[in-house]
Amino acid sequence: MILARFGTHPVQICHEWNTTAHLVDYEGQPARRPMTREEIQAFLDHADAQVERAVRLGRKGALAAYRDATVFKVMYGWGSRCTETSRLDEVDFYRNPKAPELGRFGALHVRYGKRTRGSPPRRRTTLTVMPWAAEAVCYYVTNIRPRYPAAAGSAALWLTERGGRLKPREIEARFAEYRDALGLEEALVPHCLRHSHVTHQIEDGADPVFVQRQVGHVYPSTTALYTGVSGDFMNTMMRKVLDRALDGGG
C-alpha cells in the first residue's frame, strides 16, 4: 500500500556509523533493587556474627570471615562495585583535609571503575560519608590484614590465605551464602549494596549531583535508575510539601 501510494517504501536510516554508540552496559535491572535499611543491618550483623562464631569455635576461617564482613561494609559504605572492591589496594584509602576526624580513611581512590568500550577503567575519588565504615576498615587494616602471611609483600587490601587477591566471584559466593542464610530474595546480589548506598544517601538528603559523582555515574539518569526510595521517605516528602503549601496558603 505504501509503495503504491508514495512510490517508495520505508528504509532504515539509523545505522552504527551515524548514531551514538551505547558504550556502557545498562545496570538498572529490576532484580537489582536497593536493599532496605533493615535488610542491610541484618546482613551486616549476620556477617559479623560469622566472625564471632568462627573465633568461638576456633575455626580456621575467622580471618576470611572478618575480611568478607569488611568487604561488604566497604561496598555499602562507598557504593563500590564488586570488581572495583576486589581490586582495591591498601593505599587507595587516604586522608581528606576537610574531614580530619576520619584519619587516613577520609576518601577512597577507585582505580578500576567501570570502563566504556575502547577506554581504560575510569578512576574516581569517593569521599567517606559513613564514619562507621571508615572505623571498620581502619580496624581491619590495623588488626586483621597483618595476620595474613602474605600481607607484608602484597599491596592488595583483601588477601586470601594463599596470598592472592580476593576475586569478585568469591565475594559473590559469600554474599549468596549470607543472603540465603537470612532468607532474602535470590535476586539480590552484591551490586544491590551499591544501589542501597545511592538510595539511602538520597533519602538522607544528599544532593543527587554529589551522589552521582561519588559513584562515578556519567549521567544523572543512571543515578536515578539506581534510586528506589522507600514508601516512608515518599510519605515524609509529601507531608513536607503539603505543609509548605498549606502554610503558604494560610
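**Reading the model**

Modeller: The chain has 10 helices and three strands. Please bear in mind throughout that this is a predicted model.

Biologist: How is the packing of two helices described?

Modeller: Two packed helices are described by the angle between their axes and by the distance between those axes. Consider here helix H3 (residues 62–78) and helix H6 (residues 168–181), whose axes come within 11 Å and cross at roughly 90°. An angle of 65 to 115 degrees counts as roughly perpendicular, and H3 and H6 are therefore roughly perpendicular to each other.

Biologist: Which residues of H3 and H6 make the contact?

Modeller: H3 contributes Ala64, Ala65, Asp68, Val71, Phe72 and Met75, while H6 contributes Ile171, Arg174, Phe175 and Tyr178. By class, the residues of this contact of H3 with H6 comprise eight nonpolar, no polar and two charged.

Biologist: Let us turn to the cysteines. How many disulfides are counted?

Modeller: The criterion is a pair of cysteine sulfur atoms within 2.5 Å, and by this rule the count comes to zero disulfides. Cys82 has a relative accessible area of 10% and is buried, whereas Cys138, at 32% relative accessibility, counts as partly exposed.

Biologist: Is His197 buried or exposed?

Modeller: The cut-off for buried is under 20% relative accessible area. His197 has a value of 1% and is therefore buried. Its place in the chain is helix H7 (residues 191–203).

Biologist: What does His197 touch, leaving aside residues up to four places away in sequence?

Modeller: His197 touches Tyr76, Gly77, Trp78, Gly79, Val129, Met130 and Val215. With Gly77 there is a polar approach to note: a polar atom of the His197 side chain lies 3.4 Å from the backbone oxygen of Gly77.

Biologist: Where is His195 placed, and is His195 buried or exposed?

Modeller: His195 also lies in helix H7, and with a relative accessible area of 1% it is buried. Although His195 and Gly79 are 116 residues apart along the chain, their C-alpha atoms are separated by 7.4 Å.

Terms used: Residues are numbered from 1 along each chain as its sequence is written. This is a predicted model: local features need pLDDT of at least 70, side-chain atom pairs count only at pLDDT 80 or more; totals for chains, interfaces and linings use all residues. Side-chain values use heavy atoms; hydrogens and water are left out. Axes are lines fitted to C-alpha atoms, for helices over the stretch in contact, and angles run from 0 to 180 degrees between N-to-C directions. Helices (H or I, at least four residues) and strands (E, at least two) are DSSP runs, numbered from the N terminus. Angles under 35 degrees count as roughly parallel, over 145 as roughly antiparallel, 65 to 115 as roughly perpendicular and the rest as oblique. Contact means heavy atoms within 4.5 Å. Ala, Val, Leu, Ile, Met, Phe, Trp, Tyr, Cys and Pro count as nonpolar, Asp, Glu, Lys and Arg as charged, and the others, Gly among them, as polar. Buried means under 20% relative accessible area, exposed over 50%, partly exposed in between (1.4 Å probe, protein chains only). A polar contact is a pair of N or O atoms within 3.5 Å; within protein, one must be able to donate a hydrogen and the other to accept it, and residues adjacent in sequence count only if both atoms are side-chain atoms.
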